[in-house]
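Please look through the sequence and the model shown here before reading on.

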Amino acid sequence: MVKGLLMVKSLDKSPLDLSKSGVKTPVQETLLTPRFYTTDFDTVAKMDISGYETELRAVIDELKADYNRHHFVRDDEFKQGWDHIVGEKRLAFIDFLERSCTSEFSGFLLFKELSRRLKDSNPLLSEAFAYLARDEARHAGFLNKSMADFNLSLDLSYLTKNRTYTFFPIEWVIYTVYLSEKIGYWRYILVFRHMEKNPEYQFYPLFRKFESWCQDENRHGDFFKALLRSQPQLWNNWKSRIWVRFFLLTVFATHTMTVFERGNFYEILGMHPRKYNTQVIEETNKTAAKAFPIILNTNHPYFFWYLEQCALYNQKIIDLNNVQDWGIVKFFQKIPLILMIFWYMFKIFLIKPIDTEATREQVC
Ligand SMILES: [Fe+2]
Ligand SMILES: [Fe+2]
């Protein structure tokens with residue numbers, strides 16, 4: 001899974017936009033929608049992983065074992081009509097399926113391209129990316145079939161050709177994909193555990209699949225952790241500490257804004273959006289200690305309050321977008337709101353992080 005990063009501008013769409021029968025037009029691309037990435041493939045090809053091959057091989061063997069090869073099967077539970085799911089619940093669920101499918105598919109495209117470009121120059125990494133692409137294709141395909149249950153499907157070939165690809169240097173790809181795999185793991189497992197305890201909210205069998213599914217994301221994250229640790233310049237200097245701090249912050253801010261914007265979806269699942277967001281961020285931050293030289297101090301009394309201020313100003317921007325009149329006034333009204341989001345992010349950035357290298361033995 002590869003989730004979008006940042007910021008500010010949000011979905012501005014009618015909830016069911018059908019260009020032709022059954023094919024859902026992808027939501028308008030904005031800064032909070034999942035993004036498609038490309039990178040400098042030659043730099044990856046030249047990456048020296050010789051000192052870390054044993055660790056990488058161990059993780060790649062786990063991927064090779066393909067524990068979930070029989071997991072993504074649409075069993076009998078799926079074989080029924082879903083027209084009884086209506087109204088807000090239906091729209092919120094379709095939105096969830098679409099965003100998840102897009103991020104899974106975005107991961108598939110990036111990993112597939114990495115695998116293809118590294119075939120001759122770096123066969124070990126090429127093999128790993130092929131397994132990652134295999135998993136993400138399964139995830140995206142399964143979600144797209146779920147969309148078909150709601151008489152919709154995402155046109156993935158249209159998406160491939162028409163989405164804008166954002167260029168990220170490979171260092172950024174490693175930081176962000178590591179984080180999105182781990183946050184993806186926590187997002188899925190927490191929904192699964194909640195559904196296990198509260199089966200009355202399980203209105204569609206997809207959630208039952210999340211337990212093994214999220215283990216794929218966990219293994220993907222472990223692979224990126226090994227890749228990151230194989231490149232000392234990604235964790236042993238002050239520059240890397242700044243980047244890590246920045247990416248943790250942007251991933252957590254994006255997550256908070258997205259969860260609060262879709263609070264109704266989590267309420268439909270019987271989950272408290274704020275508690276869910278807090279738990280996902282705390283757990284992901286703790287997990288990140290295994291890979292990163294620093295993590296954020298989520299226990300700081302203002303940490304979540306600042307994050308939620310970002311969500312609040314994001315909501316004000318959404319409300320403004322929903323006003324029909326598109327004048328220059330609206331543009332100028334948005335500027336201070338965007339600045340407030342950056343201001344609160346900057347305040348979080350200034351909170352002293354926690355050094356994880358100092359206690360590396362304990363956390364490994
Ligand atoms: Fe995935
Ligand atoms: Fe993944």
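What follows is a walk through this predicted model, from the whole chain to single residues.

The model is predicted, so that local features are described only where pLDDT is at least 70 and side-chain atom pairs count only at pLDDT 80 or more, while totals for chains, interfaces and linings use all residues. Residues are numbered from 1 along each chain as its sequence is written, and chains are lettered from A and ligands numbered from 1 in the order in which they are written.

The protein holds 13 helices and 7 strands, where helices (H or I, at least four residues) and strands (E, at least two) are DSSP runs numbered from the N terminus. Of its 364 residues, 37% are buried; a residue is called buried if 20 or more other C-beta atoms lie within 10 Å of its own, exposed if 12 or fewer, and partly exposed in between, with C-beta atoms placed from the backbone. Two residues are said to be in contact if their C-beta atoms, placed from the backbone, lie within 7 Å. Among the contacts in the protein with a separation of 6 or more, 80% join residues 24 or more positions apart.

Helix α6 (residues 170-197) is paired with α7, and their axes come within 8 Å and cross at roughly 155°. Axes here are lines fitted to C-alpha atoms, for helices over the stretch in contact, and angles run from 0 to 180 degrees between N-to-C directions. Angles under 35 degrees count as roughly parallel, over 145 as roughly antiparallel, 65 to 115 as roughly perpendicular and the rest as oblique; α6 and α7 are therefore roughly antiparallel to each other. Their crossing is left-handed, a term used if the near helix is turned anticlockwise from the far one by less than a right angle, with right-handed used if clockwise. Among the residues that meet here are Ile174, Tyr178 and Tyr185 in α6 and Trp213, Cys214 and Phe224 in α7. The residues of this contact of α6 with α7 divide into 14 nonpolar, 4 polar and 5 charged, where Ala, Val, Leu, Ile, Met, Phe, Trp, Tyr, Cys and Pro count as nonpolar, Asp, Glu, Lys and Arg as charged, and the others, Gly among them, as polar.

Within helix α7 (residues 210-229) sits Arg219, and this residue counts as buried because 22 other C-beta atoms lie within 10 Å. Leaving out residues up to four places away in sequence, Arg219 touches Glu62 and Leu63. The C-alpha atoms of Arg219 and Ile60 are separated by 8.9 Å, although these residues are 159 residues apart along the chain.

Residues of α8 including Ala253, Thr256 and Met257 meet residues of α11 including Leu307, Cys310 and Ala311, and the contact of α8 with α11 divides into 8 nonpolar, 3 polar and 2 charged residues. Cys310 also touches Ile341, Tyr344 and Met345, among others, when residues up to four places away in sequence are not counted.

Helix α8 (residues 238-261) also meets helix α12 (residues 328-350), with axes that come within 10 Å and cross at roughly 135°, so α8 is oblique to α12 as well. This contact is made by Arg245, Leu249 and Ala253 of α8 and by Met345, Ile348 and Phe349 of α12; by class, it has 5 nonpolar, no polar and 1 charged residues.

Phe260 is found in helix α8 and counts as partly exposed, because it has 19 C-beta neighbours inside 10 Å. Apart from neighbours within four places in sequence, Phe260 is in contact with Pro273, Ala311 and Gln315.

Two loop residues complete the picture. Asp66, in the loop between α2 (53-65) and α3 (87-118), has a positive phi of about 50° although it is not a glycine. Asn151, in the loop between α4 (123-149) and β4 (153-154), has a positive phi of about 60° and is not a glycine either.
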